[in-house]
Amino acid sequence: MNPFQKNESKETLFSPVSTEEVRPRPLSLPKKPPPKICGSNYPLSIAFIVVNEFCERFSYYGMKAVLTLYFLYFLHWSEDTSTSIYHAFSSLCYFTPILGAAIADSWLGKFKTIIYLSLVYVLGHVVKSLGALPIIGGQMVHTVLSLVGLSLIALGTGGIKPCVAAFGGDQFEEKHAKERTRYFSVFYLSINAGSLISTFITPMLRGDVQCFGEDCYALAFGVPGLLMVIALVVFTMGSKIYRKPPPEGNIVTQVAKCIWFAISNRFNNRSGDIPKRQHWLDWAAEKYPKQLIMDVKALTRVLFLYIPLPMFWALLDQQGSRWTLQATRMNGNLGFFVLQPDQMQVLNPLLVLIFIPLFDLVIYRLVSKCGINFSSLRKMAVGMILASLAFAVAAAVEIKINRMTPLQPGPQEIFLKALNLADDEVKVTVLGDENNTLLEESIRSFQKMPRYAQLHLKTKSQDFHFYLKYRNLSVYTKHSMEEKNWYSLIILEDGKTISSMMVKDEENKTTNGMTAIRFVNTLHKEVNISLGTDISLSVGEDYGVSAYTTVQSGEYPVVHCRTEDKNFSLNMGLLDPGTAYLFVIINSTNHDPQAWKMENIPTNKLSIAWQLPQYALVTAGEVMFSVTGLEFSYSQAPSSMKSVLQAAWLLTVAVGNIIVLVVAQFSGLVQWAEFILFSCLLLVVCLIFSIMGYYYAPTKPEDLQEPADKQIPPTQGNMINLETKKTKL
């Protein structure tokens, strides 16, 4: 803050009050201008604010990118519960800005509010990272730490959201309005840069780094926490050069009180003897200025159009939940790079940076030259249609995934596959309890069976008889199997005869783009296998079978193994993402033991690139809806109501996330049907919004100007029009 300004305020505060004439003061020295960036009109203080915003957005979006998979695979919640908690957190992040604005405008001021709530923000990251450490407590401890950490993060990020952008605007003098406009463009660019980089990096920290033998969620949450610490330190470094306006009252509170007084006053004077008034807000005239009432009237006309908007946000915000879960069932191998499921979210900020200038400089101008009146409300309606189409495409992709996914055994069903480890062909016949033939096939030595055979049970569990014909030998054996399971019948060579064992295949562990592997050891000694720095397992001798182990996909040319008297290595080759492999360790006459590989569960054939059209559609819809919506609504309300509009806009986002929460918990629909439901709901809402827009009479800018002698002192709110600055990028 300017020291000369401080002295001037003190001088005014202690000036004598007297009826006598006060001697004229000497001329005061001119105020010292704040330091500028390289001789320009940009104050140096905004550099600290922009860097702070970049780090904070990196922190928030980086943490949020891996949140759904953390719920699903670390806390072992269901997909519906993971989606619900994700959107509950997102909703809370858009409710708390109202609290942050009230604290800043009515009590602490923007600077102190940012400092104090950033400390809460950092604490939330610390608690969240601790909750992701497997060595700390059990399931209940992890859940409690996670929910407490997310609550603190929501309070921190939401509380500072309305303050940081506005505080940057406070650093400019009124004569530098053009520079202030450009600052908001750079500020928005820093938001997208932080989001773009973090949503690409943090999934790599989660998936490519192993902690305690599994995905490193603690690191994926810890690095964003570190960025938030850096954001706080950088912001504090500029403390001495900031302009820090004192709190001036919150216009949102004034508007709420005015509306409440009008409603209560009308209710208290509902007698027929009392004359009616032209507008229901006129009942606030006994307490509030006429100009404030006129501004609130103009505000309510715009807020009426906000009623259908939450449904759009309900669709848009599912990129981090339902669409990420969809990506886990797709093949992320692009040939030159393996894309993690949660990295697909990077498309949104990337496409936003491409689409904003594309729409502003090309598409809108072409539409205008064609003589089409592409009004703001029409743009918003088209944005809704594009988002609806995006979810229709997502439903089509989901149906395609389901068709390519192996069937799951249902009630009184099992899936069976035979693996012949003998040195010659074996004919396998499966007999029912009445000696009826259920399955018959000949299997060559080490033949890779393409699929499981489906068998039906009469009860939940049933004994099956197996007739194995090997050369001139016939072997009968019996195995019991339970419904809804996968089984592998492993045929073993035992000297001159054969035997068999039944192995229960665990459920598919190939989610999250990972690879599941298991081993069968035909050696006469136990084998210790090292799959990396944190993953090792032991396989018993004489046809010991290991459990499934989840590893990263990729090349495994050298896997170190050890027996009690020998060290050797296995070449496992390329492991595709989303695949379950069975490796049989066998002796080789002239070389070390080798690994024979077979796919138990085939790879996800549908490429993750098929999600690109739905991301492109929903991002185009976001650009047309979000940017245009705020630009339109701000042009239709008085300048004193801008912060109220921003608060209402954030509330529509919060309500949209609540809609997703409710549908995820109570709809009970399969995923593709849920996508269709959201698509249809948004189309219905778009129709309602179009009808509302058709009867809406736009307010001309000159109608919002009031005479200078009737203006009420404007209250400086925190809710700065950040989103509208996107068009100036």
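Two strands are said to pair if DSSP finds at least two bridges between them, and the close-up views below, taken from a predicted model, begin with a case of such pairing.

View 1. Strand 4 (residues 426-431) is joined to strand 7 (residues 461-470) by six bridges, and the two strands run antiparallel. One of the places to look for is Val-428, whose bridge partner in strand 7 is Leu-468.

**View 2. Strand 11 is mostly covered.** Seven of the seven residues of strand 11 (residues 515-521) are buried. In a regular strand the side chains alternate between the two faces of the sheet. Here Thr-515, Ile-517, Phe-519 and Asn-521 point one way, whereas Ala-516, Arg-518 and Val-520 point the other way, and all of these residues are buried.

**View 3. Strand 11 pairs with strand 20 in the parallel sense.** Six bridges link strand 11 to strand 20 (residues 580-586), and within this pairing Phe-519 has Phe-583 of strand 20 as its bridge partner. Strand 11 also runs antiparallel to strand 15 (residues 549-551), to which three bridges join it, and there Thr-515 stands opposite Val-551. Two further bridges join strand 11 to strand 14 (residues 544-545), again in an antiparallel arrangement, with Val-520 standing opposite Val-545.

**View 4. Thr-628 sits in helix 15.** This helix covers residues 612-635, and Thr-628 counts as buried because its relative accessible area is 5%, while the cut-off for a buried residue is under 20%. The side chain of Thr-628 reaches the backbone oxygen of Met-624 at 2.8 Å. When residues up to four places away in sequence are left out, Thr-628 touches Tyr-364, Ser-376, Lys-379, Met-380 and Val-623.

View 5. Helix 4 (residues 79-108) has 30 residues, and the distance from its first C-alpha to its last is 41 Å, which is close to the 44 Å expected at 1.5 Å a residue.

Key. Residues numbered from 1 in each chain as written. Predicted model: local features only at pLDDT ≥ 70, side-chain atom pairs only at ≥ 80, totals over all residues. Heavy atoms only, no water. Helix = DSSP H or I, 4+ residues; strand = E, 2+ residues; numbered from the N terminus. Buried < 20%, exposed > 50% of the residue type's maximum accessible area, 1.4 Å probe, protein only. Polar contact = N/O pair within 3.5 Å; in protein donor to acceptor, adjacent residues only side chain to side chain. Contact = heavy atoms within 4.5 Å. Expected span 1.5 Å × (residues − 1).
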